[in-house]
Amino acid sequence: MNAITPSVATSAVFNHTEFDDHENVVFVRDKKSGLFAIIAVHDTTLGPALGGCRVWPYASPEEALTDALRLSRGMTYKNAVAGLPLGGGKAVIIADPRKDKTTSLMQAFGKHVDRLSGTYITAEDVGVSPDDMEEVAKSTTHVRGTKATGLGDPSPYTALGVFSGIQAAAATVFGSPDLTGKTVSVQGLGHVGYDLARQLHQAGAKLVVSDINDANVRRAVEEFSATAVEPDKAYAAEVDIFAPCALGAGLNCDTIPQIKAKIVAGAANNQLKTPEDGTELHKRGILYAPDYVINAGGVISIALATPGSDDTDVRKKTIAIGDTLTQIFQRNHNQNLGPEVIADQLALERLQGH
Ligand code: NAD
C-alpha cells in the first residue's frame, strides 16, 4: 500500500498482517438480532466472491477479522485453481453456534449480504447448517448450498475430488493410478473421510483407519475390512498413502517425522501448521497434495449446481482435480519448490492472466 497513512480506525484493516489488498471488508451490526459479523471480499477478478459463512465464538473482534481476511484470501486461491469463474470471500459471525444462532440472526446476516449486490455470495461453513442457510436465503438470493440452488451435502463431491487427487498422486509416485493393493491411512471418518474410505475400498486399496469417534471406526472395520489404529498412531502407520480427513494443522514438526507414507493427500483444510511444514515434507520426499486444491470438490458442487440440474458437470469438474494436481506435480518436478508453492503460483497466474 502506498500514499495512505491509515488513521487509527482504518489501520486495524490496512495494516493487518493478513491484509492482502482485500477489495472490501464490511463490519456488520444488527442490534435487534444481536448480529456482529465481518464480511471480507478478497478478490473479484475472476467473478463474484464465493465463500462460506462461519459462526464461531471468537474471543475478540480482532480474532474474527484475522479469520475473515485469511479465509477470504484462501477462497480466492481455491476458486482460481479449481477453474471456477469466482473470486474469494468469507463471512464470519461472532456468536456461539450452539447458543446464539437464531432465525433472526441468520436473516439479518442475509440482509447485509444482499446489500453487497452479489459481489459476495455466501454458503455454509463451520457452525452453519443447511437450515441456517435457508434462513439467510429469505433475505438474499446471493446464497448457495440451499435446497433451491444446490445438490445438497457437498461432502460426497469433496470425497470424489480427493479420490481423484489420490489417483493422480499415485500415478506420480508409483507410476500408476491403480490403487489395488495400496495401503491408505484415512484419518477422520466423518462426512468426507468415510465416503473416501468407501471409494478406496472399492478401488482395491487396503485401509488403516482412525477416528476419535469409535462408532465410525467400528463401521469402517466391518464394512471395508479396515485395520483400526488409535488416532495418535495414524501418522506412523506403515502405509503408502496418508489421507488426513479430520482437523487442520495436523502436519507439523511433531507429526511429519512419524510419516512413513510416500504421499499425503486428504480432505482436511489447512493441513500444514506452518509453511515450513510443507518444505519439510518436500525435503523428506513425501508428495503433498495441496489441501485447497484436492478438497475443492465441495465448492465446485456449490458453485456449479443449478436448480433442477443433475450432477454430470459437477462430477466432471471435480474429477478434473486429479488433472490439476498432475500438472502441479509435474511443475514441482521441474521447479522443486513444493506442490503447495506451485499451487499458489498457479492461482496467481490465473488471476493475473485474466
Ligand atoms: P466431519 O466433522 O464430518 O468429520 C471429521 C471427522 O474427524 C469426525 O468423524 C471426527 O470424529 C474425526 N476426528 C476429529 N479429530 C480427530 C483426530 N484427532 N483423529 C482422528 N479423527 C478425528 O467433517 P468433514 O465434513 O468430513 O470434513 C473433514 C475435513 O475436510 C475438515 O477439515 C473439513 O474442513 C475439510 N473439508 C470438508 C469439506 C466438505 O465438503 N465437508 C470440504 C472441504 C474441506
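User: In this predicted model, what share of the contacts with a separation of 6 or more comes from residues 24 or more positions apart?

Analyst: A contact means heavy atoms within 4.5 Å. On that basis, residues 24 or more positions apart account for 64% of the contacts in the protein with a separation of 6 or more. The model is predicted, and local features need pLDDT of at least 70, side-chain atom pairs count only at pLDDT 80 or more, and totals for chains, interfaces and linings use all residues. Residues are numbered from 1 along each chain as its sequence is written, and side-chain values use heavy atoms, with hydrogens and water left out.

User: How should I read the radius of gyration of the protein?

Analyst: The radius is taken over C-alpha atoms, and the globule rule is 2.2 Å times the number of residues to the power 0.38. For 354 residues a compact globule would have a value near 20 Å, and the protein, with 20 Å, agrees with this. Along the principal axes, the C-alpha atoms fill a box of roughly 55 × 45 × 40 Å.

User: What percentage of the residues count as buried?

Analyst: Buried means under 20% relative accessible area, exposed over 50%, and partly exposed in between, using a 1.4 Å probe and protein chains only. Of the 354 residues, 52% count as buried.

User: How many aromatic pairs does a search of the whole structure find?

Analyst: Rings of Phe, Tyr and Trp (its six-membered ring) pair if their centres lie within 6.5 Å; planes under 30 degrees apart count as stacked, over 60 as edge-to-face and the rest as tilted. The search of the whole structure finds 4 such pairs. In one of them, the rings of Tyr 77 and Tyr 292 have centres 6.4 Å apart and planes at 90 degrees, so the pair is edge-to-face. Helices (H or I, at least four residues) are DSSP runs numbered from the N terminus; Tyr 77 lies in helix H2 (residues 61-81) and Tyr 292 in helix H9 (residues 291-294), so the pair ties together parts that are 215 residues apart in sequence. Both Tyr 77 and Tyr 292 are buried.

User: Why is the pair of Tyr 194 and Phe 224 classed as tilted?

Analyst: The ring centres of Tyr 194 and Phe 224 lie 5.1 Å apart with planes at 45 degrees, so this pair is tilted. The pair links distant parts of the chain, with Tyr 194 in helix H6 (residues 191-202) and Phe 224 in helix H7 (residues 214-224), 30 residues apart. Tyr 194 counts as buried at 4% relative accessibility, and Phe 224 is buried with a relative accessible area of 4%.

Terms used:
Helix = DSSP H or I, 4+ residues; strand = E, 2+ residues; numbered from the N terminus.
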